[in-house]
Amino acid sequence: MNLKGQRGVLCLALACIMSLLAGCASTGGYNAQGVAYSPPTSGTNAPVQGGVNVAPGSEEDFMVNVGRRTFFAQGSAELDDTARTTLDKQAQWLAQYPSWKIKLQGFADDPGTPAAQKSLSGRRAEAVRDYLASRGVAPDRMLAKGYGRDRLVADCTDISCKAQNRRVITNPQEAADTAASVQ
Amino acid sequence: MATRREFMMGAAAAALAGSSSAAFGYGKPISKAMLAYFAGQSQDGGYLFRATNWSKIDPKWKRQLVQYYSPEPQGTVVIDTSNHFLYVIFENQTALRYGVGVGRDGFRWFGRARIDRKSLWPRWVPPPEMRKRQPDLPDYVDPGPENPLGPRAMYLYRDGRDLGYRLHGTLEPWSIGKNVSSGCVRMFSEDVIDLYQRCPKGTKVLVLKHLGAPIIDEAAPVDSQQPPG
(Lines give C-alpha, C1' and ligand atoms only; values in the text may rest on other atoms or scores of the structure.)
Protein backbone atom coordinates (compact mmCIF):
# COMPACT_ATOMS: atom_id res chain seq x y z
CA MET A 1 0.00 0.00 0.00
CA ASN A 2 1.19 3.43 -0.86
CA LEU A 3 -1.12 5.76 1.04
CA LYS A 4 0.96 8.68 2.18
CA GLY A 5 0.02 10.40 5.44
CA GLN A 6 0.60 13.95 4.31
CA ARG A 7 -1.57 13.65 1.26
CA GLY A 8 -4.19 11.97 3.42
CA VAL A 9 -4.42 15.04 5.66
CA LEU A 10 -4.78 17.29 2.64
CA CYS A 11 -7.48 15.08 1.17
CA LEU A 12 -9.22 15.00 4.52
CA ALA A 13 -9.42 18.81 4.69
CA LEU A 14 -10.62 18.89 1.11
CA ALA A 15 -13.31 16.32 1.85
CA CYS A 16 -14.53 18.41 4.80
CA ILE A 17 -15.10 21.35 2.50
CA MET A 18 -16.61 19.17 -0.20
CA SER A 19 -19.03 17.46 2.13
CA LEU A 20 -20.20 20.87 3.39
CA LEU A 21 -20.74 22.07 -0.16
CA ALA A 22 -22.51 18.91 -1.17
CA GLY A 23 -24.79 19.08 1.84
CA CYS A 24 -23.97 15.52 2.87
CA ALA A 25 -25.08 16.21 6.41
CA SER A 26 -28.63 15.05 5.89
CA THR A 27 -29.54 12.25 8.25
CA GLY A 28 -27.95 11.03 11.42
CA GLY A 29 -28.64 7.87 13.28
CA TYR A 30 -28.51 6.11 16.61
CA ASN A 31 -26.02 3.57 17.84
CA ALA A 32 -26.86 0.35 19.61
CA GLN A 33 -27.23 2.21 22.93
CA GLY A 34 -29.71 4.64 21.42
CA VAL A 35 -27.16 7.47 21.43
CA ALA A 36 -27.28 9.74 18.42
CA TYR A 37 -24.23 9.85 16.20
CA SER A 38 -23.36 12.35 13.53
CA PRO A 39 -23.39 11.51 9.85
CA PRO A 40 -20.01 10.78 8.28
CA THR A 41 -18.03 13.96 7.74
CA SER A 42 -14.30 14.43 8.02
CA GLY A 43 -12.06 11.40 8.20
CA THR A 44 -14.56 9.10 6.71
CA ASN A 45 -15.30 9.37 3.00
CA ALA A 46 -12.27 11.58 2.35
CA PRO A 47 -10.97 10.68 -1.10
CA VAL A 48 -7.75 8.65 -1.12
CA GLN A 49 -5.09 9.20 -3.80
CA GLY A 50 -7.28 11.23 -6.10
CA GLY A 51 -10.55 9.56 -5.18
CA VAL A 52 -12.75 9.60 -8.24
CA ASN A 53 -9.94 11.17 -10.31
CA VAL A 54 -7.59 8.26 -9.86
CA ALA A 55 -4.52 8.45 -12.11
CA PRO A 56 -4.64 5.84 -14.91
CA GLY A 57 -1.84 3.32 -14.50
CA SER A 58 -1.40 4.02 -10.77
CA GLU A 59 -1.56 1.44 -8.00
CA GLU A 60 -4.91 2.94 -6.95
CA ASP A 61 -6.21 2.61 -10.51
CA PHE A 62 -5.40 -1.08 -10.24
CA MET A 63 -7.22 -1.34 -6.89
CA VAL A 64 -10.34 0.56 -8.00
CA ASN A 65 -10.76 -0.48 -11.62
CA VAL A 66 -9.19 -3.94 -11.74
CA GLY A 67 -9.01 -5.47 -8.25
CA ARG A 68 -6.14 -7.18 -6.46
CA ARG A 69 -7.92 -10.22 -5.01
CA THR A 70 -8.53 -13.64 -6.51
CA PHE A 71 -10.58 -16.02 -4.35
CA PHE A 72 -10.52 -19.81 -4.04
CA ALA A 73 -12.78 -22.62 -2.87
CA GLN A 74 -11.94 -24.74 0.17
CA GLY A 75 -8.84 -26.86 -0.28
CA SER A 76 -8.52 -25.81 -3.90
CA ALA A 77 -5.96 -23.98 -6.00
CA GLU A 78 -8.18 -24.16 -9.11
CA LEU A 79 -9.23 -20.94 -10.81
CA ASP A 80 -12.98 -20.66 -11.39
CA ASP A 81 -14.70 -18.45 -13.98
CA THR A 82 -14.85 -15.50 -11.60
CA ALA A 83 -11.15 -15.80 -10.83
CA ARG A 84 -10.29 -15.95 -14.52
CA THR A 85 -12.41 -12.86 -15.20
CA THR A 86 -10.45 -10.91 -12.57
CA LEU A 87 -7.13 -12.22 -13.91
CA ASP A 88 -8.06 -11.35 -17.50
CA LYS A 89 -8.55 -7.76 -16.35
CA GLN A 90 -5.25 -7.84 -14.48
CA ALA A 91 -3.42 -9.15 -17.57
CA GLN A 92 -4.99 -6.42 -19.69
CA TRP A 93 -3.91 -3.73 -17.23
CA LEU A 94 -0.39 -5.14 -16.98
CA ALA A 95 -0.13 -5.13 -20.78
CA GLN A 96 -1.22 -1.50 -20.82
CA TYR A 97 1.23 -0.44 -18.10
CA PRO A 98 4.35 -2.53 -18.73
CA SER A 99 6.57 -0.79 -16.17
CA TRP A 100 4.83 -2.56 -13.26
CA LYS A 101 5.97 -5.86 -11.86
CA ILE A 102 3.74 -7.87 -9.55
CA LYS A 103 4.12 -9.85 -6.39
CA LEU A 104 1.55 -12.63 -6.05
CA GLN A 105 0.87 -13.43 -2.41
CA GLY A 106 -1.07 -16.63 -1.78
CA PHE A 107 -2.92 -17.35 1.47
CA ALA A 108 -4.85 -20.27 2.95
CA ASP A 109 -7.43 -20.81 5.68
CA ASP A 110 -8.35 -24.39 4.96
CA PRO A 111 -8.42 -27.73 6.74
CA GLY A 112 -4.98 -29.28 7.13
CA THR A 113 -1.62 -28.95 8.81
CA PRO A 114 0.37 -25.70 8.66
CA ALA A 115 2.63 -27.36 6.07
CA ALA A 116 -0.38 -28.31 3.93
CA GLN A 117 -1.72 -24.76 4.15
CA LYS A 118 1.62 -23.32 3.19
CA SER A 119 1.78 -25.63 0.19
CA LEU A 120 -1.82 -24.83 -0.82
CA SER A 121 -1.21 -21.07 -0.59
CA GLY A 122 1.88 -21.48 -2.77
CA ARG A 123 -0.07 -23.46 -5.36
CA ARG A 124 -2.73 -20.73 -5.40
CA ALA A 125 -0.11 -18.07 -6.10
CA GLU A 126 1.42 -20.26 -8.81
CA ALA A 127 -1.97 -20.91 -10.42
CA VAL A 128 -2.44 -17.15 -10.70
CA ARG A 129 1.08 -16.68 -12.04
CA ASP A 130 0.65 -19.43 -14.65
CA TYR A 131 -2.69 -18.07 -15.79
CA LEU A 132 -1.35 -14.52 -16.12
CA ALA A 133 1.61 -15.90 -18.06
CA SER A 134 -0.83 -17.66 -20.41
CA ARG A 135 -2.47 -14.25 -20.93
CA GLY A 136 0.80 -12.66 -22.00
CA VAL A 137 2.35 -11.37 -18.76
CA ALA A 138 6.11 -12.05 -18.93
CA PRO A 139 7.12 -14.53 -16.21
CA ASP A 140 10.04 -12.29 -15.17
CA ARG A 141 7.56 -9.60 -14.12
CA MET A 142 5.97 -11.93 -11.55
CA LEU A 143 6.95 -13.33 -8.21
CA ALA A 144 4.68 -15.92 -6.55
CA LYS A 145 4.87 -16.84 -2.89
CA GLY A 146 2.66 -18.72 -0.43
CA TYR A 147 2.21 -17.50 3.14
CA GLY A 148 0.06 -20.32 4.51
CA ARG A 149 -2.43 -19.36 7.20
CA ASP A 150 -0.70 -16.04 7.90
CA ARG A 151 -2.18 -12.55 7.75
CA LEU A 152 -5.81 -13.61 8.13
CA VAL A 153 -8.17 -10.77 7.30
CA ALA A 154 -10.69 -12.30 9.71
CA ASP A 155 -10.34 -15.26 12.07
CA CYS A 156 -13.45 -17.36 12.64
CA THR A 157 -14.74 -20.81 11.74
CA ASP A 158 -17.49 -19.41 9.55
CA ILE A 159 -17.33 -19.22 5.74
CA SER A 160 -17.55 -15.41 6.02
CA CYS A 161 -13.96 -15.40 7.33
CA LYS A 162 -12.62 -18.39 5.38
CA ALA A 163 -13.84 -17.12 2.01
CA GLN A 164 -11.92 -13.85 2.46
CA ASN A 165 -8.74 -15.60 3.59
CA ARG A 166 -8.52 -18.11 0.72
CA ARG A 167 -7.01 -15.63 -1.67
CA VAL A 168 -4.16 -14.45 -3.79
CA ILE A 169 -3.31 -10.75 -3.68
CA THR A 170 -1.79 -9.26 -6.80
CA ASN A 171 0.49 -6.49 -5.59
CA PRO A 172 1.82 -4.11 -8.23
CA GLN A 173 5.41 -3.23 -7.41
CA GLU A 174 7.88 -0.71 -8.73
CA ALA A 175 10.68 -2.54 -10.52
CA ALA A 176 13.13 -1.74 -7.69
CA ASP A 177 10.81 -3.14 -4.98
CA THR A 178 10.49 -6.46 -6.76
CA ALA A 179 14.24 -6.76 -7.21
CA ALA A 180 14.66 -6.27 -3.47
CA SER A 181 11.95 -8.75 -2.50
CA VAL A 182 13.40 -11.49 -4.68
CA GLN A 183 16.32 -11.83 -2.23
CA MET B 1 -42.62 6.56 -27.89
CA ALA B 2 -39.42 4.76 -28.64
CA THR B 3 -36.94 6.87 -30.50
CA ARG B 4 -35.22 5.60 -33.61
CA ARG B 5 -31.93 5.25 -31.70
CA GLU B 6 -33.64 3.33 -28.93
CA PHE B 7 -35.23 1.02 -31.44
CA MET B 8 -31.85 0.34 -32.99
CA MET B 9 -30.24 -0.26 -29.61
CA GLY B 10 -33.00 -2.67 -28.72
CA ALA B 11 -32.79 -4.45 -32.04
CA ALA B 12 -29.05 -4.88 -31.72
CA ALA B 13 -29.47 -6.18 -28.20
CA ALA B 14 -32.19 -8.58 -29.29
CA ALA B 15 -30.03 -9.87 -32.11
CA LEU B 16 -27.13 -10.56 -29.78
CA ALA B 17 -29.07 -11.93 -26.85
CA GLY B 18 -31.46 -13.94 -28.98
CA SER B 19 -34.31 -12.08 -27.33
CA SER B 20 -37.48 -11.13 -29.15
CA SER B 21 -38.14 -8.08 -27.03
CA ALA B 22 -36.82 -4.69 -28.10
CA ALA B 23 -38.64 -2.72 -25.43
CA PHE B 24 -36.88 -0.84 -22.68
CA GLY B 25 -37.09 -2.36 -19.25
CA TYR B 26 -39.79 -4.97 -19.80
CA GLY B 27 -41.91 -2.63 -21.85
CA LYS B 28 -41.43 0.70 -20.12
CA PRO B 29 -41.02 3.55 -22.61
CA ILE B 30 -37.81 5.53 -22.48
CA SER B 31 -37.57 9.29 -22.90
CA LYS B 32 -34.83 11.31 -24.55
CA ALA B 33 -33.79 12.58 -21.12
CA MET B 34 -33.35 8.99 -19.95
CA LEU B 35 -31.39 8.05 -23.05
CA ALA B 36 -28.84 10.72 -22.19
CA TYR B 37 -27.79 8.55 -19.23
CA PHE B 38 -26.43 5.91 -21.59
CA ALA B 39 -23.35 5.85 -23.77
CA GLY B 40 -23.79 3.03 -26.24
CA GLN B 41 -23.65 -0.57 -25.17
CA SER B 42 -21.19 -2.90 -23.52
CA GLN B 43 -20.97 -6.63 -23.89
CA ASP B 44 -20.71 -9.06 -21.03
CA GLY B 45 -20.94 -12.82 -21.11
CA GLY B 46 -22.86 -12.92 -24.40
CA TYR B 47 -25.35 -10.21 -23.40
CA LEU B 48 -25.47 -6.50 -24.05
CA PHE B 49 -26.18 -3.85 -21.48
CA ARG B 50 -26.49 -0.09 -21.80
CA ALA B 51 -23.23 1.50 -20.77
CA THR B 52 -23.51 4.32 -18.25
CA ASN B 53 -22.80 7.81 -19.57
CA TRP B 54 -20.52 8.86 -16.70
CA SER B 55 -20.58 12.51 -17.73
CA LYS B 56 -24.22 12.61 -16.57
CA ILE B 57 -23.42 11.10 -13.17
CA ASP B 58 -22.55 13.15 -10.08
CA PRO B 59 -18.93 12.20 -9.27
CA LYS B 60 -19.88 11.29 -5.71
CA TRP B 61 -21.77 8.24 -6.99
CA LYS B 62 -18.79 6.91 -8.94
CA ARG B 63 -16.71 4.05 -7.63
CA GLN B 64 -13.77 5.46 -5.66
CA LEU B 65 -11.24 4.78 -2.96
CA VAL B 66 -12.03 6.66 0.27
CA GLN B 67 -10.97 6.76 3.88
CA TYR B 68 -13.32 4.71 5.99
CA TYR B 69 -13.09 3.95 9.67
CA SER B 70 -14.83 0.69 10.44
CA PRO B 71 -14.15 -2.20 12.80
CA GLU B 72 -15.42 -4.60 10.14
CA PRO B 73 -12.81 -6.92 8.61
CA GLN B 74 -11.52 -6.49 5.08
CA GLY B 75 -13.87 -7.67 2.38
CA THR B 76 -17.03 -6.85 4.35
CA VAL B 77 -19.73 -5.02 2.41
CA VAL B 78 -21.14 -2.11 4.44
CA ILE B 79 -24.26 -0.40 3.13
CA ASP B 80 -25.19 3.09 4.29
CA THR B 81 -28.72 3.43 3.01
CA SER B 82 -29.19 7.00 4.30
CA ASN B 83 -26.24 8.30 2.32
CA HIS B 84 -26.65 5.91 -0.63
CA PHE B 85 -23.17 4.43 -0.39
CA LEU B 86 -21.94 0.85 -0.44
CA TYR B 87 -18.43 0.17 0.83
CA VAL B 88 -16.10 -2.78 0.44
CA ILE B 89 -13.70 -2.58 3.37
CA PHE B 90 -10.04 -2.43 2.33
CA GLU B 91 -6.87 -2.28 4.42
CA ASN B 92 -5.45 0.79 6.22
CA GLN B 93 -8.82 2.40 7.03
CA THR B 94 -9.76 2.67 3.40
CA ALA B 95 -12.72 1.33 1.47
CA LEU B 96 -13.91 1.14 -2.09
CA ARG B 97 -17.11 3.17 -2.22
CA TYR B 98 -19.95 2.81 -4.72
CA GLY B 99 -23.09 4.90 -5.16
CA VAL B 100 -26.32 2.90 -4.77
CA GLY B 101 -30.08 3.24 -4.95
CA VAL B 102 -31.95 1.85 -1.94
CA GLY B 103 -35.39 1.08 -0.61
CA ARG B 104 -38.22 3.55 -0.63
CA ASP B 105 -39.37 4.73 2.79
CA GLY B 106 -41.23 1.86 4.32
CA PHE B 107 -38.91 -0.66 2.76
CA ARG B 108 -35.77 0.42 4.53
CA TRP B 109 -34.13 -2.13 6.75
CA PHE B 110 -30.86 -2.81 8.49
CA GLY B 111 -28.90 -5.63 10.01
CA ARG B 112 -26.39 -8.31 9.16
CA ALA B 113 -26.52 -10.72 6.27
CA ARG B 114 -24.27 -12.83 4.11
CA ILE B 115 -23.94 -13.28 0.36
CA ASP B 116 -24.66 -17.00 0.05
CA ARG B 117 -25.65 -16.99 -3.60
CA LYS B 118 -24.50 -15.04 -6.64
CA SER B 119 -25.61 -15.11 -10.22
CA LEU B 120 -24.49 -13.88 -13.60
CA TRP B 121 -27.27 -12.43 -15.73
CA PRO B 122 -30.11 -13.49 -13.42
CA ARG B 123 -33.67 -14.04 -14.53
CA TRP B 124 -36.03 -11.67 -12.71
CA VAL B 125 -39.19 -13.01 -11.13
CA PRO B 126 -41.11 -10.18 -9.44
CA PRO B 127 -42.23 -11.33 -5.98
CA PRO B 128 -46.01 -11.70 -5.52
CA GLU B 129 -46.26 -8.70 -3.18
CA MET B 130 -44.55 -6.50 -5.78
CA ARG B 131 -46.91 -7.74 -8.49
CA LYS B 132 -49.83 -6.94 -6.25
CA ARG B 133 -48.64 -3.34 -6.01
CA GLN B 134 -47.78 -3.14 -9.70
CA PRO B 135 -50.21 -5.42 -11.57
CA ASP B 136 -48.68 -4.52 -14.96
CA LEU B 137 -45.45 -6.37 -14.14
CA PRO B 138 -44.68 -9.48 -16.19
CA ASP B 139 -44.43 -12.95 -14.60
CA TYR B 140 -40.71 -12.97 -15.26
CA VAL B 141 -38.03 -11.26 -17.34
CA ASP B 142 -35.29 -13.32 -18.95
CA PRO B 143 -31.67 -12.26 -18.54
CA GLY B 144 -30.55 -9.58 -20.96
CA PRO B 145 -30.59 -5.86 -21.61
CA GLU B 146 -34.24 -5.43 -20.50
CA ASN B 147 -33.87 -7.23 -17.20
CA PRO B 148 -34.16 -4.82 -14.26
CA LEU B 149 -31.66 -6.83 -12.18
CA GLY B 150 -28.99 -6.06 -14.75
CA PRO B 151 -25.89 -8.19 -15.29
CA ARG B 152 -25.38 -9.54 -11.75
CA ALA B 153 -27.26 -10.33 -8.57
CA MET B 154 -25.98 -11.17 -5.11
CA TYR B 155 -28.52 -12.70 -2.75
CA LEU B 156 -28.57 -11.86 0.95
CA TYR B 157 -29.09 -14.67 3.44
CA ARG B 158 -29.11 -15.03 7.19
CA ASP B 159 -28.68 -18.41 8.90
CA GLY B 160 -29.31 -20.17 5.61
CA ARG B 161 -32.53 -18.28 4.94
CA ASP B 162 -32.97 -16.10 1.85
CA LEU B 163 -33.88 -12.63 3.14
CA GLY B 164 -35.39 -11.77 -0.23
CA TYR B 165 -33.01 -8.84 -0.62
CA ARG B 166 -30.44 -8.57 -3.35
CA LEU B 167 -27.61 -6.40 -4.53
CA HIS B 168 -28.16 -6.02 -8.25
CA GLY B 169 -27.76 -3.80 -11.31
CA THR B 170 -30.28 -1.39 -12.72
CA LEU B 171 -31.75 -0.20 -16.01
CA GLU B 172 -32.21 3.23 -14.44
CA PRO B 173 -28.84 4.84 -13.70
CA TRP B 174 -30.62 8.05 -12.72
CA SER B 175 -32.00 6.20 -9.70
CA ILE B 176 -28.56 5.80 -8.11
CA GLY B 177 -28.40 8.04 -5.05
CA LYS B 178 -32.16 7.81 -4.53
CA ASN B 179 -34.69 5.79 -2.56
CA VAL B 180 -36.51 3.80 -5.18
CA SER B 181 -36.35 0.04 -4.88
CA SER B 182 -38.34 -2.39 -2.76
CA GLY B 183 -35.57 -2.85 -0.23
CA CYS B 184 -33.00 -4.09 -2.69
CA VAL B 185 -29.74 -2.30 -3.32
CA ARG B 186 -29.26 -1.30 -6.94
CA MET B 187 -26.00 -0.30 -8.58
CA PHE B 188 -24.70 0.87 -11.96
CA SER B 189 -24.29 -2.13 -14.28
CA GLU B 190 -20.53 -1.56 -14.45
CA ASP B 191 -20.35 -1.41 -10.65
CA VAL B 192 -22.35 -4.53 -9.91
CA ILE B 193 -20.12 -6.42 -12.37
CA ASP B 194 -17.12 -5.08 -10.46
CA LEU B 195 -18.58 -5.87 -7.02
CA TYR B 196 -19.40 -9.44 -8.06
CA GLN B 197 -15.67 -10.05 -8.58
CA ARG B 198 -14.83 -8.80 -5.10
CA CYS B 199 -17.39 -10.76 -3.08
CA PRO B 200 -16.82 -14.48 -2.75
CA LYS B 201 -19.76 -16.55 -1.53
CA GLY B 202 -19.86 -16.08 2.24
CA THR B 203 -19.08 -12.35 2.15
CA LYS B 204 -20.41 -10.50 5.20
CA VAL B 205 -22.88 -7.70 4.62
CA LEU B 206 -23.79 -5.03 7.14
CA VAL B 207 -26.65 -2.63 6.47
CA LEU B 208 -26.27 0.33 8.84
CA LYS B 209 -29.11 1.28 11.11
CA HIS B 210 -31.28 4.25 10.34
CA LEU B 211 -34.20 5.93 12.01
CA GLY B 212 -37.52 4.37 11.21
CA ALA B 213 -36.06 1.27 9.63
CA PRO B 214 -37.61 -2.07 10.52
CA ILE B 215 -35.24 -4.24 12.53
CA ILE B 216 -34.59 -7.55 10.88
CA ASP B 217 -31.77 -8.61 13.14
CA GLU B 218 -32.15 -7.51 16.76
CA ALA B 219 -28.78 -8.92 17.77
CA ALA B 220 -26.72 -7.12 15.19
CA PRO B 221 -24.27 -4.51 16.45
CA VAL B 222 -25.37 -2.29 13.66
CA ASP B 223 -23.48 0.95 14.00
CA SER B 224 -19.99 0.14 12.85
CA GLN B 225 -19.56 3.71 11.73
CA GLN B 226 -17.36 5.50 14.26
CA PRO B 227 -18.51 8.97 15.31
CA PRO B 228 -16.10 11.51 13.86
CA GLY B 229 -13.47 13.13 16.06
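The model is predicted, with local features needing pLDDT of at least 70, side-chain atom pairs counting only at pLDDT 80 or more, and totals for chains, interfaces and linings using all residues. Residues are numbered from 1 along each chain as its sequence is written, while chains are lettered from A and ligands numbered from 1 in the order in which they are written.

**View 1. Strand E4 of chain B and its two partners.**
Strand E4 covers residues 77-80 of chain B; helices (H or I, at least four residues) and strands (E, at least two) are DSSP runs, numbered from the N terminus. E4(B) runs parallel to strand E13 (residues 203-207) of chain B, with three bridges; two strands pair if DSSP finds at least two bridges between them. Four bridges link E4(B) with strand E5 (residues 85-89) of chain B in the antiparallel sense, and here Ile79(B) stands opposite Leu86(B). In a regular strand the side chains alternate between the two faces of the sheet. Val77(B) and Ile79(B) are buried on one side of E4(B), and Val78(B) and Asp80(B) are buried on the other. A residue is buried if 20 or more other C-beta atoms lie within 10 Å of its own, exposed if 12 or fewer, and partly exposed in between, with C-beta atoms placed from the backbone.

**View 2. Two loop residues of chain B with positive phi.**
His84(B) is in the loop between E4 and E5 of chain B, a hairpin with four residues between the strands. Its phi is near 60°, a positive value in a residue other than glycine. His84(B) counts as buried because it has 20 C-beta neighbours inside 10 Å. Asp159(B) lies in the loop between E9 and E10 of chain B, and its phi, near 50°, is likewise positive in a residue other than glycine. Is Asp159(B) buried or exposed? Asp159(B) is exposed, with 8 other C-beta atoms within 10 Å.

The open sheet has the strand order E3-E6-E5-E4-E13-E8-E9-E10-E12 (chain B), with mixed pairing. At its edges are strand E3 (64-67) and strand E12 (185-186) of chain B, each pairing on one side only. Strand E8 (residues 111-120) and strand E9 (residues 152-158) of chain B run antiparallel and share six bridges; Ser119(B) has Ala153(B) as its bridge partner in E9(B). Helix H4 (residues 189-198) of chain B packs on the sheet and touches E5, E6, E8, E9 and E10 of chain B. The direction of H4(B) makes about 50° with that of E9(B); axes are lines fitted to C-alpha atoms, for helices over the stretch in contact, and angles run from 0 to 180 degrees between N-to-C directions. H4(B) is largely enclosed by the rest of the structure, because eight of its 10 residues are buried. Among these buried residues are Val192(B), Ile193(B) and Leu195(B). The buried residues of H4(B) pack against strands including E1 (38-44) and E2 (47-52) of chain B; two residues are in contact if their C-beta atoms, placed from the backbone, lie within 7 Å.

**View 3. The four-stranded sheet of chain A.**
This open sheet is ordered E3-E6-E4-E5 (chain A), and its pairing is mixed. Strand E3 (69-71) and strand E5 (142-146) of chain A are the edge strands. The twist averages 20° from one strand to the next. Six bridges join strand E4 (residues 101-106) to strand E6 (residues 167-173) of chain A in the antiparallel sense, with Pro172(A) in E6(A) as the bridge partner of Ile102(A). Helix H3 (residues 81-96) of chain A lies across E3, E4 and E6 of chain A, at about 155° to E3(A). Helix H4 (residues 114-134) of chain A lies across E3, E4, E5 and E6 of chain A, at about 160° to E5(A).

**View 4. The contact of helices H3 and H4 of chain A.**
H3(A) and H4(A) pack at an angle of about 55°, and their axes are 10 Å apart. The two helices are therefore oblique to each other; angles under 35 degrees count as roughly parallel, over 145 as roughly antiparallel, 65 to 115 as roughly perpendicular and the rest as oblique. H3(A) contributes Arg84(A), Leu87(A), Gln90(A) and Ala91(A) to the contact, and H4(A) contributes Val128(A), Tyr131(A) and Leu132(A).
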